[in-house]
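Please look at the sequence and the structure before starting.

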Amino acid sequence: MNWNINLPLRPKNIEEMLGQSQFAQNLIYYESTASTNTLANKLAEEGAPEGTLVLTEYQTAGKGRKGRRWLSQRYLNLLFSILLRPSLPPNQMFSLTMILALAAMDGINESSGLQTWIKWPNDLYVGHKKLGGILTEISIKGKKVDYVVLGLGLNVNWNPGKGQDLLYPSTSILAETGIVSPREHLLIGIVKLFEEYYLDILRGEIEDYHRRWNQYSMIIGRSVEIISDQETVRGTVLLIDREGALIIRDEEGKEQKVFSGDLSVVLEGKDEGAGYGQAS
Ligand code: BTN
């Protein structure tokens, strides 16, 4: 099969390979755009259907969580956003981030054999290094979810060499495996898996995914520090619950629920480095 290594993605080919998938029905591809999440939000406001898939080679204003930037060189990585209009309550939105993380983890493993781990709430890691990140943006009208945009940035064939001004330790599939990955193949695998998982979640079949995102969370049982706008919490991670909250046992032995924040794994009082990857 001609997988077009490190050349521009071919949207027609991707559509064909996705076949009957709902993510092949409104595929938007630009060589460059400000941010696939920004574009997907705009399209959603204009009435774009569920399943819209926005894909680019290069973002001039790629967004990470908490106002950070997401940097990625042309033709080397994957940058895409998925627009969903799920009939799920707002408190189940975290499951969508988690199934995209699981789909990416499984897709990477199937295509390259690389085992990745999920770092709550939205990162993919290999060891201490960030491989990818998810940015989830939710629009709520009244008490209902109007739409959700899930954006994934994944370092695929990028070479994280010296002299690159990165805030945090980052890696790529190439750096971990020594093998160049065909990006179209990887993308199609991730999107197909995501669709399968999404249909299960819509049917209320969350148990297996909940179990797996705990199983592959690199922080279960670890001592962590979570810094949010409101407070800093330290403790040992017990579990991530179905709504995405981190259940930790704090230093006084009490259980606490933490809904969001920046997380560091603490090793003998030393920060192991949380980081938001290739963001700067
Ligand atoms: C994070 O780690 O903070 C999340 C990073 C998310 C980056 C992806 S790249 C595709 C999509 N478009 C964006 O502007 N951001 C997400």
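Helices (H or I, at least four residues) and strands (E, at least two) are DSSP runs, numbered from the N terminus. The model is predicted, so that local features need pLDDT of at least 70 and side-chain atom pairs count only at pLDDT 80 or more, while totals for chains, interfaces and linings use all residues. Residues are numbered from 1 along each chain as its sequence is written, and side-chain values use heavy atoms, with hydrogens and water left out.

**Exercise 1. The shell around the ligand**

Task: Find which element gives the largest share of the shell around the ligand, and describe the shell by class.

Solution. Begin with the criterion: a residue is near a molecule if one of its heavy atoms lies within 4 Å of it. There are 22 residues around the ligand, and S35, Q59, K63, R65 and K130 come nearest. Next, assign the shell to elements: two or more residues are given by each of α2 (36–45), β3 (78–84), β6 (129–141) and β7 (144–154). The largest share, four residues, belongs to β6. Finally, sort by class, where Ala, Val, Leu, Ile, Met, Phe, Trp, Tyr, Cys and Pro count as nonpolar, Asp, Glu, Lys and Arg as charged, and the others, Gly among them, as polar; the shell then holds eleven polar, seven nonpolar and four charged residues.

**Exercise 2. Contacts and burial of the ligand**

Task: List polar side-chain contacts of the ligand, taking a polar contact as a pair of N or O atoms within 3.5 Å (within protein, one must be able to donate a hydrogen and the other to accept it, and residues adjacent in sequence count only if both atoms are side-chain atoms).

Solution. Take the ligand's oxygen atoms to begin with: one lies 2.6 Å from an N or O atom in the side chain of K130, and an oxygen atom of the ligand is 2.7 Å from a polar side-chain atom of S35. Then turn to nitrogen, where a ligand atom of this kind is 2.9 Å from an N or O atom in the side chain of Q59.

**Exercise 3. Backbone exceptions**

Task: Locate a cis peptide bond and residues other than glycine with positive phi.

Solution. Recall the background: most residues other than glycine have a negative phi, and most peptide bonds are trans. The cis bond joins W120 and P121, with omega about 5 degrees, and P121 is placed in the loop between β4 (117–119) and β5. For phi, K66 has a value near 55 degrees and Y75 a value near 70 degrees. K66 sits in the loop between β2 (53–59) and β3, and Y75 likewise lies in the loop between β2 and β3.

**Exercise 4. Buried or exposed?**

Task: Classify Y125, K66, Y75 and G47, with buried meaning under 20% relative accessible area, exposed over 50%, and partly exposed in between (1.4 Å probe, protein chains only).

Solution. Y125, found in strand β5 (residues 123–126), has a relative accessible area of 1% and is therefore buried. K66, at 42%, counts as partly exposed, and Y75, at 24%, is partly exposed. G47, in the loop between α2 and β2, counts as exposed because its relative accessibility is 53%.
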